[in-house]
Structure formats: structure tokens, C-alpha cells
Amino acid sequence: WEEKKETNIGLDFSSLKGRLSGSVDLYNRKVDGLLYKYNVPTPPNLFPSTLANGGVMENRGIEILLSVIPVQTRDFEWNTSITISKNSNKLKSLDGSTFKTNYDYFNAGWLAEPVKTESHRVQVGERIGNFYGFKVVDVDANGKWIYEDRDGKQVPYDQFSRAPEDKKIIGNGLPTMYAGWNNNLRYKNFDLSITMRGAFDYQIINEARMYYENPKNSRKENRLRSVNDLIFGKVTLNNTIDPEFNNYYVEDGDYWKIDNITLGYTFKSI
């Protein structure tokens, strides 16, 4: 079984006769015994791998709730509440008490043909959810990528080795902050409710662009219109470039959305 140990410090408050209230919670959560598939020798084991408890992950964060009644009269009342949560996580270890790993990382996720590669790396000392791929920093006059290699040097497309060691962390798919804002307004017999929420500081992999913005990969009738966009505002992508996963197709995922709007009217009872 996984074991979770958590320290939580909280503060609840209320003032102005309840018109201002809220809470603040700080937490530090440690999970021991994460399930992991370890390689084991055969014999004495019957199979070359076994699922066992091992690994440690740590989460730290803060959660804030604030509720306010800015206006409260006989005919008009406004209630609003804001929630904010911020979290950071880190993988502390992959090793268990009995089994040890050969490496301090493993790759996960999969991008379909023709890219055919893992998209994520889970590594000790890093955040969960990291994207792992090639980093492009520019494009040349012929529409070919210019990469940043393992040493931080800029390398033209035709000279880039594409070795696994040249891949880098190029984003993270887990938001570090969530927020919500709820409003309830009443004017005489009318009431209005608006619910909003958002997530921030994370990225997404735009697979549609990766596959259908590449002129070599797509048939002409199956390309996105953006296939003709200028890369970094310079030239279009060269039609001899193979589709691949790089940071050009990693985009900011921040959003703010309205989940629900409800307008009501309360009739007087007869």
C-alpha cells in the first residue's frame, strides 16, 4: 500500500459580521511506496519484472478561500467568493526498500505515427508531467530547424544528431495554479449566478499542428491552413522536414472560462 504523510497548517477567519470570511491552508504532503515496475533477474524470479512499492513523491502548496459580501441592502445583494490553489511537486526517489532502479528516470506517453516517440520524462528531482523532446531555437533561410543541443549550442538541421541525450525538458502539462470565482447577485426578485474557473502556468502539446502543419506528412487536402504560416515569422517549413516532436508545438495552456450563468426570478406566493 502507498503511505501518505501530510502536515497541514490552516487559518480560518471571519469579520464584519460575517461579510468577510475565508481560510488559508498550507500543506506538505509526502507519498511513500509509489507503485513501480522493477526489473529483476531470472532466475530466481519467474518473470523479468515485478510490480512493487517504491519511490517517494512530495507535494507542497497553499489553498486560499475568500468570501465577501460587498453589497447588502434590502433590494440588492452581491455575494462573491474566490478560491486560489498553488501546488508544486517533485519526485524524490524511484527506489524502494527492496528493489532498486537502473536509472533515475523513465519515459512515458506516446505520440502516434509518423512521430513515434515518447513525450514525457519522469525523473528524480524533477516535477511530474514534464514534456521531453528536442528544443528548436530558430529556423534557417531554407525553412529548416535550428536546434539547441545538449551543450546549449545552436546546431543546423542537417548536422543535428537527434540523440536521446539532446532532448530537453520543454514544458509541463500540470498547472501549478488553479483559481475560481463565483458570484451570486440578487436584485429584488431577480437572481443571477456566474461561475468561473481557470488553470495557469502549464503547457499543452498541440498534436494537430504537429501532424497537419508539416507539408511532408499531410496530403494537400488534409493540411491545416497554418501550414503556410511563417516559422518564427521568417519562412515556411521546408517540405523535406520529417514530422517530429519539438518545443515549437508546445503551447501555453492557461485558460479562464465561464462554466455556468443562471438567471432566475422568484414569484411571490399567492
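Analyst: Here are some labels, each set against its cut-off; the model is predicted.

User: Why is the pair of tyrosine 38 and phenylalanine 99 called stacked?

Analyst: The ring centres of tyrosine 38 and phenylalanine 99 are 5.6 Å apart. Rings pair if their centres lie within 6.5 Å. The planes of these two rings are at 25°. Planes under 30 degrees apart count as stacked, so the pair is stacked.

User: What parts does that pair tie together?

Analyst: Tyrosine 38 lies in strand β3, and phenylalanine 99 in the loop between β6 and β7. The pair therefore ties together parts that are 61 residues apart in sequence.

User: How do you know whether tyrosine 38 is buried or exposed?

Analyst: Buried means under 20% relative accessible area. Tyrosine 38 has 1%, so it is buried. Phenylalanine 99 has 25%.

User: What makes the pair of tyrosine 248 and tyrosine 249 edge-to-face?

Analyst: The centres of their rings are 5.4 Å apart, and the planes are at 85°.

User: Why are β1 and β18 called edge strands?

Analyst: The open sheet has 7 strands, in the order β1-β2-β5-β6-β14-β15-β18. β1 and β18 each pair on one side only.

User: How do you know that β1 and β2 pair?

Analyst: Pairing needs at least two bridges. Here 13 bridges join β1 to β2, and the two strands run antiparallel. One of the bridge partners in β2 is tyrosine 27, facing asparagine 8.

Conventions. Residues numbered from 1 in each chain as written. Predicted model: local features only at pLDDT ≥ 70, side-chain atom pairs only at ≥ 80, totals over all residues. Heavy atoms only, no water. Helix = DSSP H or I, 4+ residues; strand = E, 2+ residues; numbered from the N terminus. Phe/Tyr/Trp six-rings, centres within 6.5 Å; stacked < 30°, edge-to-face > 60°. Buried < 20%, exposed > 50% of the residue type's maximum accessible area, 1.4 Å probe, protein only.
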